[in-house]
Amino acid sequence: MNDSRTPAQHPGFYALLVLLVVMSVGPIVLMLVTSLRLNVEIMSDTSSLIFVPTLRNYEQVLCDVLWYEPKGIDSCDPTFARALGNSLFIATIATVITLVIGCMAAYAIVRFRFVGRDGLTLATLMLRMVPPAVLLVPVFGIWTFQFCIGDQCAAGTHWGIILIYVAMNLPFVIWILQSFIVQVPIQLEEAARMDGAGPFRTFFLIVLPLIRPGLAAAAIFTFRIAWNEFLLANALADRKTRTVPVTIVNSLTEYNIDWGVIMATGMLLAIPPILFTLLASRQIITGMTAGAVKG
Amino acid sequence: MTIANTSRLTPYLFLAPSLTVLGLALLYPVGYMVYASFLNWNPSQHIGQAEWVGLRNYLFLINDPSFRESLFVTLKFAAAVVSIEMILGVGLALLLDRQLRGMTLLRTLFILPMMIAPIVVGLMWRYLYHPTVGPLNRSLSALGMETVPWLSDSGWALVSIVIADIWQWTPFIFILALAALQSLPKSVMEAARIDGATGWQQIWHIKLPLMLPVLIVTCLLRLIDAFKVLEVVLVLTNGGPGLSTEILSLRIARTASEFRELGKAAAMSNLLLLGLMVLTAAMFAYSKWMETRAARLRKAAEADAA
């Protein structure tokens with residue numbers, strides 16, 4: 001980028017840019033700042049911009065998993081730390097399963113001709129828009145009464161929640177990966193087949209490494225939905241399997257909201273997606289545009 | 001494009017895991033929901049014990065003023081957010097479509113809001129809208145102006161959730177519109193410039209018409225998503241005050257968990273799903289139509305050249 005290619009812009013243009021950045025990041029920064037203050041200070045009438053940041057809220061939320069004994073916290077509530085563990089487990093496993101079986105299905109749709117191919121493409125497209133609210137009633141009923149092995153039903157277990165997250169994300173993952181698999185040169189696969197590799201080996205050793213950007217995008221989108229989802233987790237999880245969004249909403253219904261603590265929990269929930277965005281914004285944008293533009 | 005001489009079974013082996021999961025955990029529940037919408041069913045019952053009531057749930061909904069109110073609120077919300085976000089997003093894309101040094105960083109910052117959990121977005125805005133300690137009202141009173149009852153007034157509450165949604169989702173339209181703009185053929189823009197088209201003429205007569213296919217798909221995607229919004233509203237207002245912000249998906253959740261009427265909730269879900277299916281089918285038909293039109297134009301051009 002030399003100066004001849006970037007002509008000087010109108011100063012108002014830069015003012016607009018600054019305004020846009022402040023507007024889009026401002027609320028997030030405010031949440032971070034609030035999470036570093038004590039509730040007494042947040043609620044006081046004379047709030048000033050200058051304050052001494054404290055990690056007390058985070059210590060209180062994570063007290064159960066800290067390696068040191070935090071000072072000044074009389075009672076330790078392990079709810080949130082456990083929810084964090086649940087969320088991590090559920091989102092990670094759901095992402096891995098969705099990706100593995102999703103890319104196999106996408107590959108079959110792109111590279112093979114078989115009976116029902118067009119119907120399947122249409123079905124994945126239509127299933128993509130089924131919202132969690134619509135699934136609430138049937139999933140609650142089926143998971144509580146029908147998907148049972150012996151006495152143990154799917155509702156209330158990690159695997160029950162993982163199953164519905166995989167199903168919810170599959171149509172989108174299949175769809176988005178198709179557009180990446182189409183771009184893999186077919187000669188590469190033919191060469192591998194000539195050398196005697198079976199379809200599964202060709203797929204896992206040749207195709208998968210080539211569509212890594214697509215896999216990254218699909219992984220981030222799946223993880224984000226599984227990590228952020230509230231409604232179905234709320235209906236399915238019991239005391240032991242609650243995820244972070246569920247605990248946040250539960251603590252909101254209490255009469256006195258401790259804003260410092262709740263903002264700390266919100267921040268902890270927001271940190272993984274923010275990290276992904278900062279690390280892989282290019283893949284996210286590619287995934288988003290591939291999903292809409294090539295529809 | 002297909003690889004010959006593979007076993008007929010291979011594609012089905014690749015598909016089997018996905019088909020199993022989709023069938024068990026998505027198709028079956030949707031069918032189950034359609035069936036449940038004809039039942040009088042509460043959560044403590046097994047579905048087999050529920051009483052068959054035929055179309056009574058649907059008849060109840062049609063005559064239920066609060067369901068109609070909720071439908072109306074949903075339509076108002078969707079229309080407001082989609083139109084405002086389209087105008088803002090496309091406008092910003094047209095403004096920012098130039099050689100800029102920090103564009104990558106800028107786009108990264110812009111997509112942050114939509115990556116964050118809707119629950120957290122609701123939390124953030126609930127704090128911002130707080131009547132006394134919220135930064136918005138604090139700033140207003142510091143400037144000597146009247147404070148706004150953001151979430152406690154039935155008129156303002158819908159505006160407040162619309163603002164929060166605009167904050168979260170305008171970047172989506174901005175990113176897609178920008179991608180569409182940057183993939184426009186350079187030669188066309190060049191020709192327009194040489195012919196002396198002004199900036200506005202370029203936008204109205206060239207850029208926007210060429211972007212239209214992408215914009216329509218984007219608009220439909222946003223519309224579908226707008227009908228799915230739930231968590232932000234749940235955290236911000238929980239549907240209140242009164243029914244002023246009780247959008248349809250929230251009403252489904254409350255009918256199921258608070259009023260314990262699973263049959264009616266299923267009937268509502270069914271209606272919502274039908275609406276979304278119409279939108280999706282419209283999107284699908286539109287992109288198919290564009291494809292065939294493009295193919296026909298290409299063929300015509302080739303015939304002309306020959």
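Me: A salt bridge is a side-chain nitrogen of Lys or Arg within 4 Å of a carboxyl oxygen of Asp or Glu. Which residue forms one with A:Arg111?

Reply: A:Glu189 does, in this predicted model. The closest N and O atoms of A:Glu189 and A:Arg111 are 3.1 Å apart.

Me: Which helices do A:Glu189 and A:Arg111 lie in?

Reply: A:Glu189 is in helix H8 of chain A, residues 186-194, and A:Arg111 is in helix H4 of chain A, residues 79-111. The pair therefore ties together parts that are 78 residues apart in sequence.

Me: Are A:Glu189 and A:Arg111 buried or exposed?

Reply: Both A:Glu189 and A:Arg111 are buried.

Me: How many salt bridges does the structure hold over all chains?

Reply: Ten. One of them belongs to chain B: the side chains of B:Asp165 and B:Arg222 meet at 2.9 Å, N to O. B:Asp165 sits in helix H7 (residues 154-182) of chain B and B:Arg222 in helix H9 (residues 199-226) of chain B, so this pair links parts 57 residues apart in sequence. Both B:Asp165 and B:Arg222 are buried.

Me: Which residues are linked in a network of salt bridges?

Reply: Five residues of chain B: B:Asp64, B:Glu246, B:Arg251, B:Arg254 and B:Glu258. Within that group, B:Glu246 pairs with B:Arg254, with the closest N and O atoms 2.6 Å apart. B:Glu246 and B:Arg254 are both buried.

Me: Pick one residue from helix H1 of chain B. Where does B:Phe14 lie?

Reply: B:Phe14 lies in that helix. Its relative accessible area is 0%. The cut-off for buried is under 20%, so B:Phe14 counts as buried.

Me: How far apart are B:Phe14 and B:Leu176?

Reply: They are 162 residues apart in sequence. In space, B:Phe14 and B:Leu176 are 32 Å apart, C-alpha to C-alpha.

Me: Zoom out. How many helices and strands does chain B have?

Reply: Twelve helices and two strands. From the N terminus on, the elements of chain B run α-β-β-α-α-α-α-α-α-α-α-α-α-α.

Me: Why is chain B said to be more spread out than a compact globule?

Reply: Because its radius of gyration is 25 Å, well over the 19 Å that the globule rule gives for 306 residues. The C-alpha trace of chain B spans about 75 × 70 × 35 Å along its principal axes.

Me: What share of the residues in chain B is buried?

Reply: Buried residues make up 52% of the 306.

Me: Last one. Which share of chain B's contacts between residues at least 6 apart in sequence joins residues at least 24 apart?

Reply: 66% of those contacts in chain B.

Definitions and conventions
Residues are numbered from 1 along each chain as its sequence is written. Chains are lettered from A and ligands numbered from 1 in the order in which they are written. This is a predicted model: local features need pLDDT of at least 70, side-chain atom pairs count only at pLDDT 80 or more; totals for chains, interfaces and linings use all residues. Side-chain values use heavy atoms; hydrogens and water are left out. Helices (H or I, at least four residues) and strands (E, at least two) are DSSP runs, numbered from the N terminus. Buried means under 20% relative accessible area, exposed over 50%, partly exposed in between (1.4 Å probe, protein chains only). The radius of gyration is taken over C-alpha atoms; the globule rule is 2.2 Å times the number of residues to the power 0.38. Contact means heavy atoms within 4.5 Å.
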